[in-house]
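Q: Please take a close look at one part of this model, namely its aromatic pairs. I would like one connected answer.

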Amino acid sequence: FGSSMDSKRDFTKPMIESIFKQLIKTNSAMSIVVMNCSEVCGTHHSAALGYNFCLNYDSPFVRCMESLALKKDLVLSKEELPLKRDIIYVIDVANAFAKAIPFINEMPGGMECFSIGSGVGYTCQEIVDEFEASCSKKFTKVILEEPVTAEKIDICSINKAVDLLSWKPLYGLNNICSSAYRWTLRNEWEK
């Protein structure tokens with residue numbers, strides 16, 4: 001991720017890594033794997049496992065979910081439509097963690113950090129279009145002309161996870177949106 005300190009993640013990531021580095025200094029045989037995940041979205045394929053997405057309102061993905069579930073207008077800013085977001089399917093994240101288990105068991109000690117994301121990113125417009133295609137519904141959109149303080153999201157490099165964990169994301173935006181839509185149909189949305 002970038003070092004611009006524009007993102008909340010840019011503040012917490014170095015702090016957590018610093019804590020783990022200090023811990024390693026006290027026990028050099030200890031092995032730690034840090035998984036820095038992009039915005040995790042979607043639900044289990046069955047739509048039986050999932051969660052209410054209300055915690056992260058700044059996300060266009062969450063606003064699409066909320067708009068569908070609560071049957072309300074989708075409010076977006078004109079300036080955020082072309083901005084890319086690095087979102088990753090929850091099942092891909094689970095697979096990355098599963099690949100990290102044998103990796104950490106083979107480590108002689110120390111710390112390795114991996115970035116887990118799509119590696120490509122999707123624009124806000126692509127997310128909205130895919131949601132509409134996945135659920136065969138059109139959002140009633142309200143596009144604001146005034147600028148918003150859209151959080152800058154860096155697209156992570158997944159090269160290290162590909163090389164050392166033999167991991168890469170298997171699912172794309174369609175899986176993320178369609179699984180989230182199925183979950184919304186089966187579950188109560190927190191208002």
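Is Tyr171 buried, partly exposed or exposed?

A: This is a predicted model. In it, Tyr171 has a relative accessible area of 28%, and because buried means under 20% and exposed means over 50%, Tyr171 counts as partly exposed. Tyr89 has a relative accessible area of 1%, so Tyr89 is buried.

The structure has four aromatic pairs. One of them involves Phe61 and Phe131, whose ring centres are 5.1 Å apart. Their planes meet at 50 degrees, so this pair is tilted. Phe61 belongs to helix 2 (residues 60-70) and Phe131 to helix 4 (residues 124-135), so the pair ties together parts that lie 70 residues apart in sequence. Phe61 is buried at 0% relative accessibility, and Phe131 is buried with a relative accessible area of 0%.

The rings of Tyr89 and Tyr171 have their centres 5.2 Å apart. The planes of these two rings are at 75 degrees, and because an angle over 60 counts as edge-to-face, the pair is edge-to-face. Tyr89 is in strand 5 (residues 87-89), while Tyr171 is in the loop between helix 5 (159-165) and helix 6 (173-186). This pair therefore ties together parts that are 82 residues apart in sequence.

Ring pairs also join Phe139 with Phe61 and Phe131 in a cluster. Another ring, that of Phe114, has the charged end of Lys160 sitting over it, 5.5 Å from the ring centre.

How values were computed. Residues are numbered from 1 along each chain as its sequence is written. This is a predicted model: local features need pLDDT of at least 70, side-chain atom pairs count only at pLDDT 80 or more; totals for chains, interfaces and linings use all residues. Side-chain values use heavy atoms; hydrogens and water are left out. Rings of Phe, Tyr and Trp (its six-membered ring) pair if their centres lie within 6.5 Å; planes under 30 degrees apart count as stacked, over 60 as edge-to-face and the rest as tilted. Helices (H or I, at least four residues) and strands (E, at least two) are DSSP runs, numbered from the N terminus. Buried means under 20% relative accessible area, exposed over 50%, partly exposed in between (1.4 Å probe, protein chains only). A charge sits over a ring if NZ of Lys or CZ of Arg is within 6 Å of the ring centre and within 35 degrees of the ring normal.
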